Amino acid sequence: MHNLAFDIAHLLAGGLVLISFMMLYQDRLYALLNIFALHAVVLAASVAWQAFIQNAPHLYVTAAIALVFKAIVIPVALHRIIKQLGIHRDIETAVSIGPTMLAGMGLVALSMVLMLRVTGAADPLAREDLAFALSVVLLGLLVMVTRRNAVSQVVGFMSLENGLVLAATGAKGMPLVVEISVAFSILIAFIVIGVFLFRIRERFDTVDVGALDEFRGERR
């Protein structure tokens, strides 16, 4: 049973890393949102499995929050925002896909080497889950850095937060009150970002951060 628990936990955590690469590869907003929803579903499954093997019922609440808000509510809301604002569906990138994917592979290798060395005395399952979690965090950050569209940067930020949740649950969980507060903080941040997207679209007729940088340069 221990080997099965170990294998399934690693399959789900590795699946999150793979889906993070799928987000890096996407150049269409709707496809990116659909893949983020899949990312949240796999995160919910991973957290639920950790709840089962750790005998930690409170983690089921975390899994439910991830499933409802991140896999359903937020992607549906972003789909509607894109439709209402008439945002250009193609994602403009600061770096082309090839170098971005290579950078992603380098970040995953760095995460594995770093975490497996630093956590040498920890439980083997926790060690490798933390390595996968750091990979997801860094890949989410890479999505934010290499995308010019504000919506895709929001998705990168939320995928980064998924990595933090994976790390917390893999390291024997965290208090339920912290999980709930983090979830609601993300929800509030999403609402604020949605309001800003509407305002930015009204003011500049675009959500491309490159165009906003050009406007700031003209003001100077």
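Helices here are DSSP runs of H or I with at least four residues, strands are runs of E with at least two, and both are numbered from the N terminus. By that rule, the chain reads α-α-α-α-α-α-α-α along its sequence. That comes to eight helices and zero strands. The model is predicted: local features need pLDDT of at least 70, side-chain atom pairs count only at pLDDT 80 or more, and totals for chains, interfaces and linings use all residues. Residues are numbered from 1 along each chain as its sequence is written, and side-chain values use heavy atoms, with hydrogens and water left out.

**Whole chain**

- Of the 220 residues, 45% count as buried. Buried means under 20% relative accessible area, exposed means over 50%, and partly exposed lies in between (1.4 Å probe, protein chains only).
- The accessible surface is about 10900 Å², and carbon and sulfur atoms hold 68% of it. Such areas come from the Shrake-Rupley method with a 1.4 Å probe; for residues, only the protein chains shown count as cover.
- A contact means heavy atoms within 4.5 Å. Among contacts between residues at least 6 apart in sequence, 76% join residues at least 24 apart.

**Record annotation**

- The unreviewed UniProt entry marks "transmembrane region" at residues 6-25, 32-53, 59-82, 94-118, 130-147, 154-171 and 177-198. UniProt positions follow the numbering used here, feature names are shortened, and annotations may be inferred rather than shown by experiment.
- In the model, residues 32-53 are 100% helix and 0% strand, with end C-alpha atoms 32 Å apart.
- Residues 94-118 are 88% helix and 0% strand, and their end C-alpha atoms lie 33 Å apart.

**Nonpolar core**

- A nonpolar core is a set of buried Ala, Val, Leu, Ile, Met, Phe, Trp, Tyr and Cys residues joined through side-chain atoms within 4.5 Å.
- The largest such core has 47 residues, and Val 17, Leu 43, Leu 78 and Val 155 touch the most other members.
- At least two core residues come from each of helix 1 (2-25), helix 2, helix 3 (58-85), helix 4 (97-118), helix 5 (124-146) and helix 6 (150-170).
- Helix 2 gives the largest share, eleven residues.
- Leaving out residues up to four places away in sequence, Val 155 touches Met 23, Leu 32, Leu 33, Phe 36 and Leu 78.

- Ring pairing covers Phe, Tyr and Trp (its six-membered ring) with centres within 6.5 Å; planes under 30 degrees apart count as stacked, over 60 as edge-to-face and the rest as tilted.
- The count is one aromatic pair. Trp 49 and Phe 52 form this tilted pair, at 5.3 Å centre to centre and 35 degrees between the planes.
- Both Trp 49 and Phe 52 sit in helix 2, three residues apart, about one turn of the helix.
- An α-helix has 3.6 residues a turn, so residues three or four places apart point the same way.
- Trp 49 counts as buried because its relative accessibility is 17%. Phe 52, at 45%, counts as partly exposed.
- Asn 55 lies in the loop between helix 2 and helix 3. Its phi is near 55 degrees, a positive value in a residue other than glycine. Asn 55 is exposed, with a relative accessible area of 66%.

- Met 101 belongs to helix 4 and is partly exposed, at 22% relative accessible area.
- Beyond four places in sequence, Met 101 touches Phe 21, Leu 24 and Tyr 25.
- Met 101 and Leu 142 are 41 residues apart along the chain, with C-alpha atoms separated by 9.6 Å.
- Gly 140 belongs to helix 5 and is buried, at 2% relative accessibility.
- Gly 140 and Ser 20 are 120 residues apart in sequence, yet 7.1 Å apart from C-alpha to C-alpha.
- With neighbours within four places set aside, Gly 140 contacts Gly 156, Ser 159 and Leu 160.
- Helix 6 is mostly covered, with 18 of its 21 residues buried.
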